[in-house]
Amino acid sequence: MIVTYDPWLVGLSLIIAAMAAYASLSLAERVRPVSDGTGLDQGTEQATGRWLAWLLGGALVMGLGIWSMHFIGMLAVRLPVAMAYDPAMILGSMLPAFLASLIALFTLRSGKQRPLLLLGAGTVMGGGIAAMHYIGMAAMRMFPAIRYDPLLFWLSILIAVLASIAALSLAFRLKREPGRGYLVKKLLAALIMGLAIAGMHYTGMAAAEFAEGSVCLSAEGGLTAEFLLPWVAGGSLLLLSLTLLASFFDLRLADQNAYLVAQLRQANEQLQERAERLAEQMVSEARAHAERHRMLAAVVEQSSDAIITLDAHHAISSLNRSAEEMFGYAADALLGSSIDRILVLPAGPDGRLSVAGLAEGTSRCEVLGRRSDGSYLSVSLSNAPLFDEAHCRLGTISILRDVTSDRQVSQQLQQAAAVFQSTNEGVVITDENAIIIAANRAFSEITGYTEDEALGQKAGFTKSGLHDEDFYARMWRQIQESGQWSGEIMDRRKNGELYPKWMGISPVRDGEGKIVNYIGVFSDISQLKETQQRLKYVAQHDFLTDLPNRFLFEDRLEQALRKVKRRGRSLALLFLDLDRFKNVNDSLGHVVGDHLLVQVAKRIGSVIREEDTLARLGGDEFTLLLEFIEDQEEAARTAEQVLAAVQEAFQVDGHELFISASIGISLAPQDGDDITRLLKHADAAMYKAKAEGRNRFSFYSVELSQRLARRFEIEVELRRALEQGELRLYYQPQVAVVDRRIRGAEALIRWHHPQKGLIPPDAFLAIAEESSLLTRIEEWALAEACRQLRQWQDQSLPPVRIAVNLSSETISYHPVAAQIQQLLEQWDLPGQSLQLEITEGSLVEHTSLLTSNLAQLAQLGVSVAIDDFGTGYSSMAYLKRFAVSKLKIDKSFVRDIAIDPNDKAIVSAIIAMGHSLGLQVTAEGVENVEQLSYLVQQGCDEIQGYYYSQAVEAEAFARLVQEF
């Protein structure tokens, strides 16, 4: 397994090793009882008992320093597996380090530098350090277990022993002496010791061999490197720093004392008689001075304010720790610098610093401070001059306080006050007894009361009186329990006007949790409520007729049904649809259609009861709810009144329009007791009224449901038939009277149902028209007819023409001419081989698309025949306006032509009219020779009917053409 090391952590371990070595040497100085060359015998420490504290504390610090170096070195190890360390073993590894350090310091305490003592103590100490290392390695709990290279293993232990002997020897030999030479020696000795300790550690790490695929058993529940690193590194650095600092100050104090003692001894030699008194006086003064100095230094250093002394040239001569932290500079970086390096001081006219008192006198002002990172802070600056004993000015002492946060708080208070006064919401502040102590401008604008009128009033002095005491009790209880309340409440303005407002109340508590204030924030929601009402009205009403829409109608119907269930009464639901309203939109435009719908709504509304609900569901569909009717006859009478009102002429945008309606009626609870069924049944009844001829009403019945179910079943199967190719075209010959040759055929649709067999068109075409499937079927018929024509031509069949029936919906509202052109091009057919049969009603609608389709068909050579002529409008104007080439006499006139004089007259008139217009005439439904003779006698051009043949499949028709 590849082992790598984090270079930063390796460096950190070396630093801590050096620091630990330096601390060890410093601690050694405190436990040695012999004189260190300064003249002060440190053996007096034993008399005071302090040596034991230094011994134990030093062993702890020294041991933790060695242990932390080791453990940071271990954390520097990077293995390609998840790592963690066993907490118990980590703690266990500290004990050998502590014992090794205790042995070392205790050996130094003996004060005797004997070889055997050094060898024995160094061996035990090195063994403890090695034990610490390998117990720490065991804290990884690797599986398989870590193997160690024997040579490197014993080498690491040897290094630990030699490093320990060297450390003890250096500690014995290092003698404290004045000057920087001692410090350099001590630092060099600490560096050598640190490198030796680190060398032992990394030699031991090099001895470790990790097997491929090793896993760390401590990874689950152990302490991770991310957790240990900040604690070990931070704790060790802090502890070593504090130890070095304490040792430094202690030794510094010892140096000062030693110096004073030496001076006293010299004075004693010079002044033998007065030595004791003078020595006592000097010692006393020295101690007092040192105490004052220490106290002053402690005060200055511990002060939270920055304290800076300046010389006569305003250069910084000293600064305390708070000044370093405030401006982000180390003391050495600022000493000797001008004060304007850290303060932005305004300049006077002469260019000199103009801060009052900076050069003379005492002053206080506020200036900007400049941090080392370039940021600024607000500083409160107090200056005072410094004088010596002769009252000569030495410089200035400046005390600086960071007031940035105070300034920010002040600005925030000013901003809060501005927000308080400028917000559009009313704000009221009360004391703990709900007495108003402040109110903003918006409060006055909303309520009409000035702030002076509100101050001192109880917070509820604007109550509307519409809420009972329970309401307010619940409100205050919620404030106490949850810490806030918000809701809608009615209030009263000063002029007595009631208005709704949305209010929130929150308590303000002091540091002990006691409520000291309440803050109420409210807004006038009158306009919002009005807007909500308007939106609700718009959401529930039809934008065109202003009648209730489907949403509101169903809501009222649901409420009415609940009343029916409770009171045992009946209601009626009328579903109304305007007949042929689409013609109005297509011929006169949607604007006229919309205006007509508005008048229809008003006309119906004028004949119904006030308690009835008339609604527009969409398009030309209306619903009418009749509540609490006595019987079915009452619903019928209302339906008759509505039909009569709608039939009267409408004057719309200069047009006189006539329209009718079809109405379906369902009753509750007879026909259903829920909204869905009642609407469905009324809709079904309406379609029944349309099927029976329109301009009438029809009641729902069970038979109607059964018929609708059957219709739905046929519609579903018909859709499947289109997808699965179950439709077929049959062809009925059209025979020319002149030569009795087959000139063409009418293509008739048949449905070959897989279970029910052949289904005639009468059983499904009407359903197809109602379900919007008819256009798809007719488009299929056109495509199939063209395909068949191409096949007959390829079979060299004599040319024939196929006539395909198209509904008014297809010819008037779909681009059928473009489809036919594409089919003719696809099958390479002449336009004359195709004929379209349409009804007279298609010409009556004459939409713009109908006109365009007929014009394009004429250009293609496709002829158009009027089917069932005589049963519709029979208008000469339509025949003249559009490119029609044939009239087809309906079979109802041909059936009794031999015995009915009226039928004879009608047939003769149609033939004569058609010929006078240059049109061919075809008679349908010819079944016997008498019918044929009369038609031939009157000059009819073509005969179609069972006399010659019924509709047959394509193969049979081809044989008929060849046989004729």
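Predicted model: local features only at pLDDT ≥ 70, side-chain atom pairs only at ≥ 80, totals over all residues.
1. The charged end of Lys-501 lies over the ring of Phe-522, at 4.3 Å from the ring centre.

2. Five strands make up an open sheet in the order β14-β13-β17-β16-β15, and the pairing is antiparallel. The edges are taken by β14 (436-439) and β15 (485-492); each has a single partner strand, so one side of each lacks a neighbour in the sheet. On average, neighbouring strands here are turned by 30° against each other, direction ignored.

3. Within this sheet, β16 (residues 498-509) and β17 (residues 515-524) run antiparallel and are joined by 9 bridges. As a reminder, strands of a sheet pair through backbone hydrogen bonds.

4. Aromatic residues deserve a separate point. The structure holds 11 aromatic pairs. One of them is Phe-697 with Phe-699, an edge-to-face pair with 6.0 Å from centre to centre and 85° between the planes. The two residues fall into separate accessibility classes: Phe-697 is partly exposed, with a relative accessible area of 23%, whereas Phe-699 is buried, at 17%.

5. Is Thr-462 buried or exposed? Thr-462 is buried, with a relative accessible area of 7%, although its place is in a loop, between α14 (451-454) and α15 (469-482). Leaving aside residues up to four places away in sequence, Thr-462 touches Tyr-449, Asp-491 and Arg-492.

6. Phe-658 is another loop residue, placed between β22 (655-657) and β23 (660-668). Phe-658 is exposed, with a relative accessible area of 59%. With residues up to four places away in sequence not counted, Phe-658 touches Gln-647 and Ala-649. Val-646 is 12 residues from Phe-658 in sequence, and the two are 8.3 Å apart in space, C-alpha to C-alpha.

Methods. Residues numbered from 1 in each chain as written. Heavy atoms only, no water. Phe/Tyr/Trp six-rings, centres within 6.5 Å; stacked < 30°, edge-to-face > 60°. Buried < 20%, exposed > 50% of the residue type's maximum accessible area, 1.4 Å probe, protein only. Lys NZ or Arg CZ within 6 Å of the ring centre and 35° of its normal. Helix = DSSP H or I, 4+ residues; strand = E, 2+ residues; numbered from the N terminus. Contact = heavy atoms within 4.5 Å. Pairing = 2+ DSSP bridges. Axes fitted to C-alpha atoms, helices over the stretch in contact; angles between N-to-C directions.
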